[in-house]
Amino acid sequence: MGNVARIGERVRRTEDRRFLTGAGRYVDDLQLARCTYAYFLRSPHAHARIRSIDTSKAAAAPGVVAVFTGKDVADAKVGGLICGWVVKDKHGEPHKAPGHPAIALDTVRYVGDTVAMVIADTAAQARDAAEQIEVDYEVLPAVIDPAAAVAASAVQVHADVPGNLSYDWELGDKAAVDAAFARAAHITKLDLVNNRLVPNAMEPRAAAAEYDRGTGTYTLYTTSQNPHVTRLVLSAFVLGIPEHKLRVVAPDVGGGFGSKIFIYADETLVLWAAGKTGRAIKWTAERSESFMTDAHGRDHVTHAELALDKDGKFLALKVDTIANMGAYLSTFATAVPTYLYGTLLAGQYTTPAIHCNVRAVFTHTAPVDAYRGAGRPEATYLLETIVSKAAREMNIDPAELRKRNFIAAGAFPYQTPVALTYDSGNYTPILDQAMKLADYAGASERKAAAKAKGKLRGIGISSYIEACGLAPSAVVGSLGAGVGQWESAQLRFNPTGNLQILTGSHSHGQSHETTFAQIVSDKLGIPLDQIEVVHGDTAQVPFGMGSYGSRSLAVGGSAIMKAADKIIAKGKKIAAHLMEAAEADIVFENGAFKVTGTDKNVPLGQAVFSAYVPHNYPLDKLEPGMDENAFYDPSNFTYPSGTQICEVEVDPDTGGVEIVNFVAVDDFGNVVNPMIVEGQVHGGIAQGVGQALLEYTVYDKESGQLLSGSYMDYTMPRADNLPSFNLGYQVTPCPHNPLGVKGCGEAGAIAAPAAVMNAVRDALAQVGAQDRIEMPATPQRVWQAIHAH
Amino acid sequence: MYDFAYHKPKSMADALAALKKAADGKLLAGGMTLIPTLKQRLAQPSDVIDLAAIGELRGIKVDGNGVTVGAMTKHAEVAASADVAKAIPALAKLAANIGDGQVRNRGTIGGSLANSDPAADYPAAVLGLGATITTNERTIAADDFFKGLFETALKEGEIITSVTFPKPAKAAYMKFPNPASRYAMVGVFVAQTSSGPRVAVTGAGPCAFRVKAMEDALAKNWSADAVAGIKVPANGLNGDIHGSPEYRAHLVTVMAKRAVAAAG
């Protein structure tokens with residue numbers, strides 16, 4: 001037997017052997033009996049009316065089992081795809097959510113919109129047949145740019161959504177903000193674009209479904225971050241399959257970053273058609289389909305103003321944002337630029353008055369939804385950019401300006417003017433540590449040295465806060481969420497003493513199998529190799545809300561701790577019986593129940609065995625078995641915070657930006673496995689750097705074609721784009737969950753864009769180009785900024 | 001991809017016969033362009049004739065005059081050749097920086113040249129060194145080979161067999177990669193050859209081209225400063241989301257300067 005693992009140890013990932021040796025089992029690896037394959041015909045136009053579709057040749061093509069169009073789906077009374085979070089606008093009206101049929105009925109609204117589904121014996125036959133479908137399109141003008149979509153003359157995406165406006169939402173006290181601006185000594189103004197991103201999970205979306213006509217049961221294997229939520233939505237809203245007759249399995253999943261939270265047309269149709277045809281069906285997206293149809297991230301256009309007094313104290317912030325929803329509302333799209341964005345605009349600062357207005361608009365582009373950080377990167381990029389700009393304008397060091405405005409360590413819990421109550425934090429030591437690690441004091445010397453060799457060096461700070469550990473159910477319910485956001489856990493011991501942790505969280509790269517086993521190993525004193533983490537199958541796990549919003553450990557881990565407490569409580573009763581002692585005298589230490597003040601003990605394994613073979617057992621008072629479950633609903637969000645400092649060197653001849661140093665100091669509360677946390681931070685920073693410097697999603701403004709639709713044109717971050725990261729930690733434990741943890745999955749991506757761009761702007765300030773650059777700061781754009789006159 | 005008839009001839013004669021017989025035959029060298037094109041169903045050839053089994057198309061020969069590289073020689077083989085590195089180090093270095101490891105172990109010089117992708121690296125070396133391209137029918141001077149976007153002097157039924165690079169006094173290649181694809185957005189190959197300086201540009205235009213003004217300046221004064229003030233016209237250069245014609249024109253000068261400096 002292996003060792004007991006302790007919280008805080010750098011335990012190697014137990015899932016690595018499987019993944020590194022190719023033994024993982026992904027959806028596309030599954031071999032279903034008599035399987036057929038689906039191919040989706042997609043719209044080549046951003047906006048067109050479908051005059052007619054002729055599928056007769058396709059239906060007669062070799063190997064074809066079925067061809068379905070929008071009419072077939074509508075005739076079968078398949079429900080439209082839903083948005084699960086109803087945001088109320090500033091007048092109290094619910095957002096406008098136009099119909100979203102799984103297959104377009106008479107109008108296509110983005111390049112990639114589904115037009116028909118072909119099912120055939122082989123994937124190639126399905127594709128061959130799809131090419132025989134004749135669609136007569138009347139191509140219509142498209143609106144692509146979110147700022148253009150709100151113009152009075154803009155093309156309408158949906159006839160029943162005037163002005164392309166899903167909602168016009170606000171948060172904060174506008175009168176207080178206006179009053180503060182009236183007495184400001186300095187006002188910093190900022191226009192900012194937060195660029196659209198394509199998620200690019202390593203594994204494309206996939207679905208495989210089968211229908212058992214004997215039992216009337218459906219099974220959907222799919223690339224989901226939250227299989228129970230997928231089941232709930234498909235059952236209750238879209239397909240009407242009773243929940244108990246639908247099993248959703250998300251086996252090994254290769255990355256999600258938010259894009260696999262949502263319920264898409266493709267997976268829905270595969271499941272529906274499996275019932276309709278009585279054949280198993282499999283579909284795996286090609287990479288170009290992922291580019292076109294995965295829900296994209298970000299895409300904001302914002303004007304903001306920060307009011308400061310003469311000493312640089314923030315008086316008020318006002319923000320006016322247009323958020324692109326794409327052509328339809330994706331599953332959680334509405335919450336991202338509102339409750340995950342506006343509520344974060346206090347950042348780490350005492351800004352007393354904040355007002356945020358958000359207009360969510362439709363365009364003829366792929367739907368936009370949560371992507372790693374979801375709203376919080378947008379808030380952080382905006383806030384940290386305007387703070388650094390204010391520092392430059394007022395000639396105050398940007399670190400010093402931040403410190404003057406930080407919420408003091410003694411001020412927690414802290415009520416912000418934008419609804420959240422921060423539970424804990426201590427920001428100044430984080431910034432101090434980051435400045436030390438980055439040798440902030442030496443930055444100006446390095447800048448001068450770089451200038452001497454013709455390079456522009458700059459340093460940038462980003463101090464972020466995030467609200468994660470989603471979420472207190474009553475709070476999100478009051479804000480329009482259609483679900484609760486608790487998590488479940490079950491600890492199921494076997495008679496031989498090993499156990500399974502069943503969790504409603506889902507691991508698609510986060511290392512739950514190690515981390516969750518580690519916390520139970522530590523708590524119950526059971527060797528790591530005696531613990532199996534089971535997740536991703538609605539037929540095994542009682543229920544779950546899945547993984548997103550850095551919630552897995554803070555919420556899912558807390559549920560596991562609660563279940564472990566129940567195990568200990570039950571074990572105490574058994575041990576008291578076995579040792580003929582009073583239950584009150586039993587303590588649990590190092591994996592054994594002991595009678596206080598004696599050397600008598602019962603190892604947990606013995607208590608478990610007794611529970612399953614209850615020959616000497618208090619059956620009159622206690623049920624046999626050792627199997628406990630728990631549900632945990634957090635009392636607040638968690639609030640990880642930190643500071644990143646990035647240093648760049650710009651080559652003014654080419655516009656190339658090199659990151660020469662990158663420091664991140666984070667407060668994630670207690671850390672279970674530092675190695676895994678560092679991996680999360682590294683990956684998050686890589687994605688943030690990608691957004692800042694590389695990832696450029698471009699739709700042609702006229703035709704709506706996705707110009708950056710492959711890796712030939714969409715720049716993913718690679719190892720040589722990144723430096724070795726220099727990481728540090730501060731710990732203020734979360735006061736309201738049993739592990740004292742806050743979550744680490746999104747922090748890197750939340751903070752990095754501002755750190756990188758503040759560094760780029762600091763570098764460009766040497767040639768007066770600091771206000772001429774937007775993300776991504778590609779070489780061409782940096783060169784143009786330098787040379788624009 | 002669509003179905004096609006696959007052939008793997010062992011000799012040039014068999015390859016040519018297969019090509020002649022095919023209704024719409026395509027030659028497969030390393031497949032770095034053709035295979036993705038087929039997979040995306042952007043081409044539907046009747047026959048694909050794989051040249052990989054023709055031994056005479058592979059190998060590197062170096063003598064006092066220069067380097068001859070067989071058409072089916074892989075980039076990685078050129079990059080790893082000690083003889084090439086000794087004779088024309090700039091050529092070995094260029095090969096070592098084409099694409100990524102997988103591309104270098106599949107892609108071939110003949111395939112690269114016959115395809116004449118505007119952003120390929122090899123055309124810069126071929127033009128910059130004044131190489132000679134040998135086919136089954138004739139030899140073609142580099143200056144006569146590149147005709148336009150994916151267009152060369154090759155005729156129907158003509159197959160490149162080897163490329164001969166004369167040994168320059170000095171040479172260097174500098175590329176500014178496209179951030180996404182890592183193809184050359186602009187690559188400049190400079191060489192001091194027996195017939196004078198040559199400056200060849202890839203990535204910027206529809207196909208590789210020479211910059212005579214830079215060559216004349218370098219003939220008078222071989223130094224980075226000599227080319228620093230010379231701009232190529234942006235008109236006619238490639239433009240895309242990564243680089244406008246103006247940006248590319250600017251990068252030609254920057255890369256030329258750096259290449260001259262690197263050549264020493």
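These notebook entries record what I looked up in a predicted model.

**Conventions.** I number residues from 1 along each chain as its sequence is written, letter chains from A and number ligands from 1 in the order in which they are written. Local features need pLDDT of at least 70 and side-chain atom pairs count only at pLDDT 80 or more, while totals for chains, interfaces and linings use all residues; side-chain values use heavy atoms, with hydrogens and water left out.

**Chain B, overall.** I found twelve helices and 14 strands in chain B; helices (H or I, at least four residues) and strands (E, at least two) are DSSP runs, numbered from the N terminus. The radius of gyration of chain B is 18 Å, close to the 18 Å of the globule rule for 264 residues, so chain B is as compact as a globular protein of that length. That radius is taken over C-alpha atoms, and the rule is 2.2 Å times the number of residues to the power 0.38. I noted a C-alpha trace spanning about 55 × 45 × 30 Å along the principal axes of chain B. Of its 264 residues, 55% count as buried (under 20% relative accessible area, with exposed over 50% and partly exposed in between; 1.4 Å probe, protein chains only). I also looked at contacts (heavy atoms within 4.5 Å): among those in chain B with a separation of 6 or more, 58% join residues 24 or more positions apart.

**Helix α1 of chain B.** In α1(B), residues 12–21, I list Met12(B), Ala15(B), Ala18(B) and Leu19(B) as buried. They cover an arc of only 125° around the axis, which puts them on the same side of α1(B); the arc is that of the directions from the helix axis to the C-beta atoms. On the face turned away from this buried side I find the exposed Ala13(B), Lys20(B) and Lys21(B). The buried residues pack against β1 (5–7), β2 (25–28), β3 (47–50) and β10 (160–166) of chain B.

**Helix α4 of chain A.** For α4(A), residues 123–130, the buried residues are Ala126(A), Arg127(A), Ala129(A) and Ala130(A). Their arc is only 160° around the axis, which puts them on the same side of α4(A). I note that they pack against elements of chain A, including β1 (36–42) and β5 (114–120), together with α2 (34–39) of chain B.

**Tyr221(A).** I located Tyr221(A) in strand β10 (217–222) of chain A. Tyr221(A) is buried, at a relative accessible area of 14%. Residues up to four places away in sequence aside, Tyr221(A) touches Val27(A), Glu210(A) and Arg247(A), among others. Its C-alpha atom is separated by 9.1 Å from that of Leu271(A), 50 residues apart along the chain.
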